[in-house]
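Subject: A structure for you to look at

Hello,

Here is the structure I promised you. Please open it next to this email and follow along.

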Amino acid sequence: MSKLHNITKQQDNEATIRPGQVKLVGFGPGDPDLLTVKAVKAIEAADIIFYDDLISKDYLEQIDAEKVYVGKRSGHHSVEQRDINQLLLQAAKAGKEVVRLKGGDPMLFAHAGEEIEFLESYGITVSVIPGITTASAMASSLKVSLTHRQLSSSVALVNGHSNRPETPNADTLVYYMGAAKLPLIARTLLGKGKSADTPVILVYNVSHADEQRFETTIGELATDIRVYPTPLIALVGDVVATMHQRVEDIVKARGQQFALREHHV
């Protein structure tokens with residue numbers, strides 16, 4: 001018997017049932033302590049929760065609502081997006097208070113726009129409760145500011161899963177879902193003029209007890225054949241160097257390198 005059938009009321013009764021609401025809720029990077037108060041209230045009030053990968057199973061076990069796993073990881077989709085849309089719709093039509101629980105923030109790399117458009121086209125009320133995105137949690141864990149008055153005035157959050165990596169013109173780059181493409185990303189950045197010694201830090205399972213960090217550079221990463229654990233997020237830029245160096249030393253070194261490059265042009 002399909003998941004869709006399990007949550008569907010008899011069609012003859014649907015006309016008399018007041019539709020429920022769907023809330024897209026951000027779970028954050030994984031640590032339940034980072035959930036917002038509003039997110040906790042929505043989860044505890046839900047009749048049914050459709051949840052992704054990277055959601056704490058221990059936390060969900062404490063919740064009374066019906067729970068349906070609809071996770072999607074690279075190369076492994078338990079449920080296709082069009083089917084998730086239908087599951088959400090049928091649950092709402094059945095009068096249920098529905099939570100679509102997503103890792104990180106619902107509005108970033110999470111198909112929220114597709115779900116909102118689909119549900120609202122059927123007259124379903126949708127609301128969104130933000131979550132802490134992994135880039136912010138990583139920055140906090142590392143104590144590395146993504147922006148810095150002397151080092152970085154711009155940040156780009158990039159989907160790293162593409163076979164043709166994007167390289168936005170920003171001082172700090174954060175690549176999500178790019179573990180399998182790291183050498184390609186690095187080579188592309190080099191081709192766009194990024195310095196080979198630009199620092200990079202890769203962080204596995206941000207905010208979890210087993211969080212791991214791998215420090216490297218763009219140049220080293222370009223030929224790196226290691227297989228890194230996932231989920232992994234990559235931070236690229238001079239701000240990474242603040243983990244070990246004073247800002248004035250970083251600025252001075254960068255100024256000397258720029259002058260040297262200008263001399264050889």
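Below is what was found in it, starting with the whole chain and then going part by part.

This is a predicted model, in which local features need pLDDT of at least 70, side-chain atom pairs count only at pLDDT 80 or more, and totals for chains, interfaces and linings use all residues. Residues are numbered from 1 along each chain as its sequence is written, and side-chain values use heavy atoms, with hydrogens and water left out.

**The whole chain**

The protein chain has 10 helices and 12 strands. Both are DSSP runs, numbered from the N terminus: helices are H or I with at least four residues, strands are E with at least two. Of its 265 residues, 45% count as buried. Buried means under 20% relative accessible area, exposed means over 50%, and partly exposed lies in between (1.4 Å probe, protein chains only). The protein chain exposes about 14,300 Å², and carbon and sulfur atoms supply 49% of that. Such areas come from the Shrake-Rupley method with a 1.4 Å probe; for residues, only the protein chains shown count as cover.

Now contacts, meaning heavy atoms within 4.5 Å. Take those in the protein chain with a separation of 6 or more: residues 24 or more positions apart account for 63% of them.

**The parallel sheet**

Five strands form an open sheet in the order β3-β2-β6-β1-β7, with parallel pairing. Two strands pair if DSSP finds at least two bridges between them. The edge strands, β3 (66-69) and β7 (126-129), each pair on one side only. From one strand to the next, the twist averages 20°. β2 (residues 48-51) and β6 (residues 98-102) are joined by four bridges. Phenylalanine 50 has arginine 100 in β6 as its bridge partner.

Two helices to find here are α3 and α5. Helix α3 (residues 37-45) packs on the sheet and touches β1 (22-26), β2, β6 and β7. Its direction makes about 135° with that of β1. Helix α5 (residues 81-93) also packs on the sheet, touching β1, β2 and β6, and its direction makes about 150° with that of β6. For these angles, axes are lines fitted to C-alpha atoms, for helices over the stretch in contact, and angles run from 0 to 180 degrees between N-to-C directions.

Look also at serine 56, in the loop between β2 and α4 (57-60). Serine 56 is buried, because its relative accessible area is 16%. Residues up to four places away in sequence aside, serine 56 touches Phe27, Gly30 and Pro32.

**The mixed sheet**

Another five strands form an open sheet, ordered β8-β9-β12-β10-β11, and the pairing is mixed. Its edge strands are β8 and β11 (212-217). β8 and β9 pair in the parallel sense over five bridges. There, valine 155 stands opposite threonine 172 in β9. Helix α7 (residues 134-142) packs on this sheet, touching β8, β9, β10, β11 and β12.

**The largest nonpolar core**

A nonpolar core is a set of buried Ala, Val, Leu, Ile, Met, Phe, Trp, Tyr and Cys residues joined through side-chain atoms within 4.5 Å. The largest one has 21 residues; Leu173, Tyr175, Leu182, Leu189, Leu202, Leu232 and Val236 touch the most other members. Elements that each supply at least two residues include β9 (172-176) and α8 (182-191). α8 gives the most, with four. Neighbours within four places in sequence aside, leucine 189 is in contact with Thr167, Leu173, Tyr175, Lys194, Ile218 and Val236.

Best wishes
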